[in-house]
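Trainee: Could you walk me through a structure that is new to me? I would like to ask questions as we go.

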Amino acid sequence: MPIFELAANDRERACALLTRLYDSRNQIHGKGVRIPKTFPKDELAWLESVGLAPNQRTTLHHAKVVQRIVDAKHDVSIADGARAFIASLGEGPPHGVLLEVALLAHRMPAHRLRGNGGTCHVCMMDTTVTVDVAEQFHDWHTSGSGIPGDPTWAVLGLDQLRAHPVRRVSAEAKARMGAILHTLDNLPDEAPMGTAIEAIQTLDVLGDDPKGSRARGVLETLAFAGMLEAPPYRGIAAGWIDFIERDRRPNKYVEVEAPLSYWRGRDGVCWEHARAILGIDRRAAATAEPPRAVRPAKKATPKPANRPPAGPRSPRRPAKAGDVWAIRVREDTYVLVYVWHPGTGARPYARVEYLDWIGPTPPAADEVTSLGVRPRGKERWQMLAHSLHKTTGTALIATDISPPKRTGPEPDRTPGGAAKELSWLADACFPELAEL
Ligand SMILES: [Zn+2]
């Protein structure tokens with residue numbers, strides 16, 4: 001049984017909805033995401049119907065995952081995985097896992113968990129792994145696909161590969177792969193992985209990649225597959241290599257596994273495997289002229305769907321004493337701050353304090369006249385905040401309000417910062433925000 005079922009043209013819809021749900025403001029540590037009251041019920045039901053309901057934790061068992069991957073060799077070829085991987089280049093985060101799972105299917109032996117301490121020496125999976133499938137699907141489409149060879153990512157990759165078989169790879173995508181291989185084959189002898197990442201970034205064929213994470217993902221897949229080998233450390237192109245053998249590094253500061261952890265420019269590309277798996281030889285790679293990646297990389301970070309209506313319209317002017325501003329802390333939750341002092345200078349830091357109110361939409365001006373302040377624990381808490389009027393999600397809702405009721409002295413210390421911080425600093429004054 002697949003873990004989720006999604007038609008190809010529903011992928012963007014799912015990504016957009018999950019981007020909205022898995023927004024950092026909805027995340028509650030250790031509990032998953034809070035579903036905003038403004039989130040449409042029918043969209044939630046649809047996500048559930050395709051197996052991508054938020055906060056649904058699925059426990060994957062080693063025995064079943066290994067069986068599913070090994071059985072996939074009957075209907076997924078290595079060429080299927082290679083095409084899907086190459087096709088993903090330049091279209092968003094590269095999906096090396098699509099090639100990795102095809103290779104796992106054909107190379108990994110059926111096995112029982114081996115090793116003590118829970119992690120299998122053969123495949124690196126624990127006895128059980130619990131995942132939030134919707135979150136993992138979302139991460140996949142926005143950030144790329146996981147640790148190379150990780151069976152838990154691979155088994156989700158299998159569903160993707162079956163749902164979206166790529167029958168043909170465009171000449172552009174193939175040229176991107178060729179140019180990457182040619183570059184890796186022509187680095188200085190001592191060049192380590194970091195230099196290889198920079199060289200791929202310079203090629204500019206993977207879209208926006210300021211931190212090099214896409215380039216690194218491609219390198220990891222190529223090394224896992226056996227196209228960047230550092231004998232005696234090899235990938236799995238020619239035969240299976242247990243995780244415990246791959247899990248080797250020259251020193252503790254190196255994060256990646258063998259063979260990439262040992263690979264240097266002089267090792268170059270293993271063209272025999274590149275030809276067999278990717279269908280690209282040295283000559284084709286040398287003459288590849290890839291187009292620049294698609295920009296902007298819209299597919300990588302889909303815009304949230306059905307964005308709720310913007311907050312109330314209000315004048316955008318710098319804060320004044322006696323103002324009450326609403327601060328959106330989530331798409332369906334607002335808090336309020338009172339402005340004690342507007343601050344001075346070219347970039348004034350207004351002295352603000354939360355009011356004792358929280359709700360789904362900002363209140364009317366006459367509803368805030370008799371509110372008290374909201375402390376942090378037992379102490380009063382204030383902030384010196386700049387740019388209140390330039391911050392997304394803020395709204396001036398009342399002016400010339402008398403000072404709020406308060407008990408206790410003003411705080412001894414007052415942090416300063418951008419007004420946008422008021423959105424997440426509210427967590428400490430409003431414990432109710434920790435409830436799902
Ligand atoms: Zn295993």
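What follows is a talk in questions and answers about this model.

Trainee: What kind of model is this, and from which number are residues counted along each chain?
Mentor: This is a predicted model, where local features need pLDDT of at least 70, side-chain atom pairs count only at pLDDT 80 or more, and totals for chains, interfaces and linings use all residues. Along each chain, as its sequence is written, residues are numbered from 1.

Trainee: How many helices and strands does the protein chain have?
Mentor: Helices (H or I, at least four residues) and strands (E, at least two) are DSSP runs, numbered from the N terminus. The C-alpha atoms of the chain fill a box of roughly 80 × 45 × 40 Å along the principal axes. Within the protein chain there are 14 helices and ten strands.

Trainee: What distance separates the centres of domain 1 and domain 2?
Mentor: The bounds come from an automatic or database domain assignment, which gives domain 1 (1–308) and domain 2 (324–434). Seven residues of domain 1 are in contact with seven of domain 2, where contact means that C-beta atoms, placed from the backbone, lie within 7 Å. Taken over C-alpha atoms, the separation of the two centres is 43 Å.

Trainee: Are helix 4 and helix 5 roughly parallel or roughly antiparallel?
Mentor: Their axes come within 7 Å and cross at roughly 170 degrees. Axes are lines fitted to C-alpha atoms, for helices over the stretch in contact, and angles run from 0 to 180 degrees between N-to-C directions. Angles under 35 degrees count as roughly parallel, over 145 as roughly antiparallel, 65 to 115 as roughly perpendicular and the rest as oblique. Helix 4 and helix 5 are therefore roughly antiparallel.

Trainee: Is H182 buried or exposed?
Mentor: H182 is found in helix 8 and is in contact with A285, A286 and A288, leaving aside neighbours within four places in sequence. A residue is buried if 20 or more other C-beta atoms lie within 10 Å of its own, exposed if 12 or fewer, and partly exposed in between, with C-beta atoms placed from the backbone. Because H182 has 20 C-beta neighbours inside 10 Å, it counts as buried.

Trainee: Why does S213 count as partly exposed?
Mentor: S213 is found in helix 10, and its C-alpha atom is 9.6 Å from that of Q201, twelve residues apart along the chain. S213 has 15 other C-beta atoms within 10 Å, so it is partly exposed.

Trainee: What share of the protein chain's residues are buried?
Mentor: The protein chain has 436 residues. Of these, the buried residues make up 41%.

Notes: Contact = placed C-beta atoms within 7 Å.
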